[in-house]
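Please review the following briefing on the structure shown below. The points are grouped by topic.

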Amino acid sequence: MHNIVGADPPYPLCSNHSHYADNSSFHHSLNNLFYTLSSNSSVSKFYNTYAGNNLDRVYGLYMCFGNTTIEVCNTCISTASQDILKHCPNRKEAIIWEEHCQLRYSNTKFFSTLDIIGNQAQRNSMNILESERRRFKDALNITLSRAVKDAVYDPSPDMYAAKKVRYLKSETLYAQVQCTGDLLANDCNTCLQIAINNASSCCNSSLGARIYSKSCYLRYEVYDFDGGAFEEIQMTAKNSKWKIWVTMIFVVSAFLAVTLLGSFVYCLKMKLLHNIVGADPPYPLCSNHSRYADNSSFHHSLNNLFYSLSSNSSVSKFYNTYAGNNLDRVYGLYMCFGNTTIEVCNSCISTASQDILKHCPNRKEAIIWEEHCQLRYSNTNFFSTLDIIGNQAQRNSMNILEPERRRFKDALNITLSRAVKDAVYDPSPDMYAAKKVRYLKSETLYAQVQCTGDLLANDCNTCLQIAINNASSCCNSSLGARIYSKSCYLRYEVYDFDGGAFEEIQMTAKSKFL
């Protein structure tokens with residue numbers, strides 16, 4: 001995530017990839033684009049179009065937030081058109097977020113394409129009272145879940161929803177979500193789920209937050225920030241049990257800088273990643289929330305769990321179960337990656353059972369990733385629950401050659417897109433796919449994706465889309481990457497890393513890296 005400097009908008013994000021000259025044809029195209037966008041903002045709160053031809057063509061869109069009036073929208077877009085030129089002079093690609101709108105343009109077509117790179121986060125400087133934390137989190141989960149559901153699946157074309165819920169006698173939480181009107185429903189859902197995770201990462205203790213994305217927008221506060229345009233929903237006993245993600249990760253210092261200014265605090269984009277130190281597994285992630293005593297009932301339950309998991313790994317490459325009762329119950333699962341044989345799977349899980357105790361002694365919750373498998377346990381039931389907190393990234397130390405970059409990116413987009421589609425929507429229960437594509441005469445890219453077998457299809461899709469984003473963030477110049485998540489796994493390389501278990505697909509003229 002990029003750091004937002006200053007207490008008040010605008011918040012620009014300027015690309016450094018390409019510049020245009022003053023009074024050039026591209027400059028004139030951009031001015032014509034801004035004129036068209038500004039004109040349309042007097043009648044519509046979302047619009048996308050292009051101006052110019054061939055190399056001087058520029059694409060642009062705007063979106064006005066929530067219940068903004070047409071008059072305010074028009075003023076906002078006119079202001080944004082000036083501000084974006086001021087803050088991003090001569091750039092061929094940029095976006096700017098104002099108080100009531102966002103404006104974006106690029107020399108490459110981005111319409112209907114999900115883009116979560118460069119998300120910006122802003123948090124309210126007022127913190128949740130400890131005595132109200134649980135009730136606030138329940139309310140936040142309810143409002144955001146309902147708002148996302150309505151924005152994504154409601155037949156309204158706006159891809160927008162706003163909800164409020166009274167969570168204490170005198171306190172109400174207001175939440176609003178919105179996607180750019182060109183997105184598909186699934187991409188809108190992914191964007192908003194990532195925005196929720198960003199908010200949880202940056203603003204977990206705050207009474208309010210805003211997430212500005214190129215493809216969507218999210219905001220919640222404990223006051224009416226949008227003129228009463230919120231549908232009221234109720235707190236219920238059932239709803240209050242829903243879980244809100246809580247950040248448990250430490251992020252590399254390069255992504256962790258937080259700037260404290262004015263009445264709001266701005267936080268960086270959370271890459272959701274630990275950097276893996278060292279070249280070889282295992283890679284443990286240990287929770288510090290709770291511990292068990294040696295030879296306690298929980299300890300015996302954990303040993304029984306490992307025995308059950310290890311036994312099942314001799315016949316199955318995924319399994320989940322629990323052991324023990326009441327407060328001593330422990331839940332666990334394992335997943336063996338890709339084309340791993342049953343023999344290798346069984347050996348991997350046996351090793352993981354020992355390694356996780358060695359690296360996470362006496363922890364009631366932990367996960368470990370080995371070369372061919374992952375093993376996870378917890379004292380709380382996590383089955384069928386998407387969890388992307390603590391994702392681990394490992395990059396190939398070899399970098400893409402500059403002359404091959406575009407072709408490599410095209411190949412990467414093709415293989416990952418096809419692999420995710422097949423893993424998520426193929427009727428096979430494995431939630432796994434592996435593809436390869438020849439992108440140069442003597443070079444082939446191999447990609448593999450997989451979700452834990454307990455996930456729903458939509459959650460698998462979200463997990464893998466976030467993993468793709470993680471890979472783009474950490475490993476954009478590398479010839480290979482692995483993303484280890486609690487809920488999914490992604491890997492790509494320029495060599496066959498899994499014994500030939502890759503379906504070959506073709507590069508086509510229509511396939512472009514987006």
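Four bridges connect strand 15 with strand 18 (residues 365-369), and the two run antiparallel; strands here are DSSP runs (E, at least two residues), as helices are (H or I, at least four residues), numbered from the N terminus. Two strands count as paired if DSSP finds at least two bridges between them. This is a predicted model, in which local features need pLDDT of at least 70 and side-chain atom pairs count only at pLDDT 80 or more, while totals for chains, interfaces and linings use all residues. Residues are numbered from 1 along each chain as its sequence is written, and side-chain values use heavy atoms, with hydrogens and water left out.

- The open sheet has five strands in the order 15-18-19-17-16, with antiparallel pairing.
- Strand 15 (283-286) and strand 16 (318-323) are the edges; each has a single partner strand, so one side of each lacks a neighbour in the sheet.
- On average, neighbouring strands of this sheet are turned by 10° against each other, direction ignored; axes are lines fitted to C-alpha atoms, for helices over the stretch in contact, and angles run from 0 to 180 degrees between N-to-C directions.
- Helix 6 (residues 342-359) lies across strand 15, strand 17 (330-336), strand 18 and strand 19 (373-378), and runs at about 45° to strand 19.

**Histidine 299**
- Histidine 299 belongs to helix 5 (residues 297-312).
- With 15% relative accessibility, histidine 299 counts as buried, a class defined as under 20% relative accessible area (1.4 Å probe, protein chains only).
- A polar atom of the histidine 299 side chain lies 2.9 Å from the backbone nitrogen of asparagine 295.
- Apart from neighbours within four places in sequence, histidine 299 is in contact (heavy atoms within 4.5 Å) with Tyr292, Ala293 and Asp294.

- Five strands form an open sheet in the order 1-4-5-3-2, and the pairing is antiparallel.
- Its edge strands are strand 1 (11-14) and strand 2 (46-51), each of which pairs on one side only.
- Five bridges join strand 4 (residues 93-97) to strand 5 (residues 101-106) in an antiparallel arrangement, and alanine 94 has tyrosine 105 of strand 5 as its bridge partner.
- Helix 2 (residues 70-87) lies across strand 1, strand 3 (58-64), strand 4 and strand 5, at about 45° to strand 5.

**Strand 24 and its partners**
- Six of the six residues of strand 24 (residues 488-493) are buried, so this strand is largely enclosed by the rest of the structure.
- Cys488, Leu490 and Tyr492 on one side, and Tyr489, Arg491 and Glu493 on the other, are all buried.
- Strand 22 (residues 443-451) runs antiparallel to strand 24 and is joined to it by six bridges, with glutamine 448 opposite arginine 491.
- Strand 23 (residues 481-484) is also antiparallel to strand 24, through four bridges; isoleucine 483 is the bridge partner of leucine 490.
- Strand 23 and strand 24 form a hairpin with three residues between them.

**Whole protein**
- The protein has eight helices and 25 strands, and buried residues make up 54% of its 514 residues.
- Of the contacts with a separation of 6 or more, 71% join residues 24 or more positions apart.

Methods. Buried means under 20% relative accessible area, exposed over 50%, partly exposed in between (1.4 Å probe, protein chains only). A polar contact is a pair of N or O atoms within 3.5 Å; within protein, one must be able to donate a hydrogen and the other to accept it, and residues adjacent in sequence count only if both atoms are side-chain atoms.
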